Amino acid sequence: MHCTATATPTTTADYEQGDVSASASVTGSTLDASATFSAGDICVGAATSYDSSAGSLGDPSLAASYTMGATSLTAGMNGLSGDDLTATVAHTVNEDLKVAGTFTSKDQKFALGAGYVLDSGSSIKAKVNSDGVLSVGYARKLTPKASLNAGLQVDTNDMDSRKFGIALN
């Protein structure tokens, strides 16, 4: 019997000092690198790759976030062309209710969602997106090791198109 290993080894280096962290990994001829900087409620980061066999630099991704109390704003850009932007706003209304909205410029889509804790063992989440797809999920902790999850997805543009699922874990 003859076995050949096909996995390419990966070498990784991580650095953290105060509010700065950086990571680099090399797999074959590809170097992936990322870095973040935090200052209080603001965090910025960037990531890119370099393929030494092709001599090409990957399109970098940039992101920033700002937290002000119960609200956080996050923005990201994939590539320097500026045509793939993402923005998210999340807010904790109270201990039981969280709401969020996101927008992407590349496909000009948005989504709005909320999560609500019903009691110590159950919660419900709902989301609707700009395509008119409504999703609702329910989670119930039955025992420390068992839970019940149920979900429904309806395309509001085609009410005959619905999906339902239930799981016992």
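**Strand architecture, salt bridges and loop contacts**

Lysine 109 is partly exposed, with a relative accessible area of 29% (buried means under 20% relative accessible area, exposed over 50%, and partly exposed in between, with a 1.4 Å probe and protein chains only). The structure is a predicted model, in which local features need pLDDT of at least 70 and side-chain atom pairs count only at pLDDT 80 or more, whereas totals for chains, interfaces and linings use all residues. Residues are numbered from 1 along each chain as its sequence is written, and side-chain values use heavy atoms, with hydrogens and water left out.

The protein chain contains 14 strands and 0 helices (strands, labelled E, are DSSP runs of at least two residues, and helices, H or I, are runs of at least four, numbered from the N terminus). Along the sequence the order of elements is β-β-β-β-β-β-β-β-β-β-β-β-β-β. The radius of gyration of the protein chain is 21 Å, whereas a compact globule of 169 residues would have a value near 15 Å. This radius is taken over C-alpha atoms, and the globule rule is 2.2 Å times the number of residues to the power 0.38. Along the principal axes, the C-alpha atoms fill a box of roughly 55 × 50 × 40 Å.

Of the 169 residues in the protein chain, 8% are buried. Among contacts between residues at least 6 apart in sequence, 4% join residues at least 24 apart (contact means heavy atoms within 4.5 Å). The protein chain exposes about 11700 Å², of which carbon and sulfur atoms supply 59%; areas come from the Shrake-Rupley method with a 1.4 Å probe, and for residues only the protein chains shown count as cover.

A salt bridge is defined as a side-chain nitrogen of Lys or Arg within 4 Å of a carboxyl oxygen of Asp or Glu. The count by this rule is 2 salt bridges. Lysine 109 pairs with aspartate 131 in a salt bridge whose closest N and O atoms are 2.6 Å apart. Lysine 109 lies in strand E10 and aspartate 131 in the loop between strand E11 (122-129) and strand E12 (133-143), so this pair ties together parts that are 22 residues apart in sequence. Aspartate 131 is partly exposed, at a relative accessible area of 36%.

Arginine 140 forms a salt bridge with aspartate 119, with the closest N and O atoms 2.9 Å apart. This pair links distant parts of the chain, 21 residues apart, as arginine 140 is in strand E12 and aspartate 119 in strand E10. Arginine 140 is partly exposed at 29% relative accessibility, and aspartate 119 is partly exposed at 37%.

The loop between strand E9 (97-104) and strand E10 (109-119) contains glutamine 108. Most residues other than glycine have a negative phi. Glutamine 108, which is not a glycine, has a positive phi of about 50°. Its relative accessibility of 63% means that glutamine 108 counts as exposed. Aspartate 107 is also placed in the loop between E9 and E10 and is partly exposed at 44% relative accessibility. The C-alpha atoms of aspartate 107 and aspartate 83 are 9.4 Å apart in space, with the residues 24 apart in sequence.

Aspartate 158 occupies the loop between E13 and strand E14 (162-168). With a relative accessibility of 38%, aspartate 158 counts as partly exposed. The C-alpha to C-alpha distance between aspartate 158 and glycine 132 is 9.1 Å, at a sequence separation of 26 residues.

Alanine 146 belongs to strand E13 (residues 146-155) and is partly exposed, with a relative accessible area of 21%. Alanine 146 and leucine 168 are 22 residues apart in sequence, and their C-alpha atoms are 7.1 Å apart. When residues up to four places away in sequence are not counted, alanine 146 touches Lys141 and Asn169.

Serine 25, in strand E2 (residues 20-27), is buried, with a relative accessible area of 16%. Beyond residues up to four places away in sequence, serine 25 touches Thr10, Thr11, Thr12, Thr30, Leu31 and Asp32.
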